[in-house]
Amino acid sequence: MNHVQTKTNTVPNWVTLLLAIACGVIVANLYYAQPLIGLISVDTNLSAASAGLIVTLTQVGYVIGLLFIVPLSDLIENRRLVVSALAVVICALVAASLAHNALLFLVTAMFIGLGSVAAQILVPYAAHLATEERRGQVVGNIMSGLLLGIMLARPIASFITDLWGWQAVFALSAIITTVLTVLLALVLPERKPSPTMNYGELIGSLWLLFKTKSILRRRAFYQACLFGAFSLFWTVVPLWLTNHFHLSQQGIALFALAGVSGAIAAPIAGRLADKGWTRVLTGSAIVIAAVSFLLPLIVQDDSAIALAILVVAAIMLDMAVSGNLVLGQRTIYSLGNEIRGRLNGVFMAVFFIGGAIGSSLGGWAYASGGWMLASMLGLSMPIAALLYYFTEKK
């Protein structure tokens, strides 16, 4: 297709669907390894003490990409940038499926994270195509696809590993990502930004944007707190389900699937934000996240009722995080078309760092004080966001 410089009245539904699927498929690559750490460590001769590097290096690669690749969407043609980033992911996935030593797998893990930022180029790209009146709805629909990718990655990886081994997870993802890349290259319209600075100035402007855009700082802090709580919960809950409820790996995968329903909040939040409900919904999302940590404390035995309450808490937390994410992105995208890629890069990097802190704190808390300490730490994060929310001017 010829490149699009002017915005049409509506984004075709099939384009929104394609972008939603693309974001889900791409971002899932960040999470496939999490439930497989034990198996990968054994097969690649990685020590138990270093096993956490598999997740950490993927996150490091992703944050590097958010800060140094995503801003390029304000500088160079977006479709070409997405295809290039996905080429890196495909090569890294193939290498991961063939890796038999720890060093090679850890390097590929970092490059999987680095290239997966293609999803965060597609989201502001979609916002550019949408009109102001429908931007929240379009971003919400696409983010629901991205969030489904995050939430489905762990159970899918567990199910595939049970059938064919962990290497098959990365091999299959490489095939699916290749098909997706070809499809995006063929059907997406071009989007050529009108840059006013070079790459060095572009990267240098990231701190300036964070420093001068108070809305960006506020929305990034809200989401960092909620995503930190989300990451802590999903780091700790598999251990709690195994030790306390005696669930199998398949049972844990089914629990994760139940939590996926929380992604429905993303498109709903987007539509309501378009109607001016952003502030009220933000406060509601933060409160729901806090309640999701309090709810399981009502019944603390290993009964079916306690497990059902934990499932409800997982759904509530996922709804809070997914809804607030869309609210945040819609808000920061209103700050300007030509800086949208950089805004998204900074926003995502800040809250992804919050997620990394949450997951690392979760592991420590569970080892030190069990589920109760982990719950209290998880609760403290949305409480911090709520206190900051009360300082927001109407």
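**Close-up views of a predicted model**

**View 1. Helix H6 is mostly covered, with 12 of its 12 residues buried.** Here buried means under 20% relative accessible area, exposed means over 50%, and partly exposed lies in between (1.4 Å probe, protein chains only). The buried residues of H6 include Gln120, Tyr125 and His128, and also Ala118 and Leu129. The helix covers residues 118-129 and reaches 17 Å from its first C-alpha to its last, close to the 16 Å expected at 1.5 Å a residue, where the expected span is 1.5 Å times one less than the number of residues. Helices (H or I, at least four residues) are DSSP runs, numbered from the N terminus.

**View 2. Confidence along the predicted chain.** This is a predicted model, in which local features need pLDDT of at least 70 and side-chain atom pairs count only at pLDDT 80 or more, while totals for chains, interfaces and linings use all residues. Residues are numbered from 1 along each chain as its sequence is written, and side-chain values use heavy atoms, with hydrogens and water left out. The mean pLDDT (the predictor's confidence in each residue, from 0 to 100) of the protein chain is 87, and 95% of its residues reach 70 or more. Over residues 1-9, however, pLDDT stays under 50.

**View 3. Helix H4 and the helices that its buried residues pack against.** Helix H4, residues 78-98, has 21 residues and reaches 31 Å from its first C-alpha to its last, close to the 30 Å expected at 1.5 Å a residue. Its buried residues, among them Asn78, Leu86 and Ser97, pack against helix H1 (13-28), helix H5 (102-115), H6 and H8.

**View 4. Ala185 in helix H8.** Ala185 lies in helix H8, residues 166-187, and is partly exposed, with a relative accessible area of 32%. Leaving aside its neighbours within four places in sequence, Ala185 is in contact (heavy atoms within 4.5 Å) with Arg79 and Val83.

**View 5. The largest cavity.** On a 1 Å grid over the protein atoms alone, a cavity is a set of points where a 1.4 Å probe fits but cannot get out, and lining residues have an atom within 4 Å of a point. About 120 Å³ of space lies in the largest cavity, a volume being the space filled by probe spheres set on the points, which are joined across faces, edges and corners. Of the 15 residues that line this cavity, the closest to its centre are Tyr31, Gln34, Gln59, Arg154 and Ser231.

Notes: 1 Å grid on protein atoms, 1.4 Å probe; cavity = no way out; pocket = protein on both sides within 12 Å on 5 of 7 lines; lining within 4 Å. Helix = DSSP H or I, 4+ residues; strand = E, 2+ residues; numbered from the N terminus.
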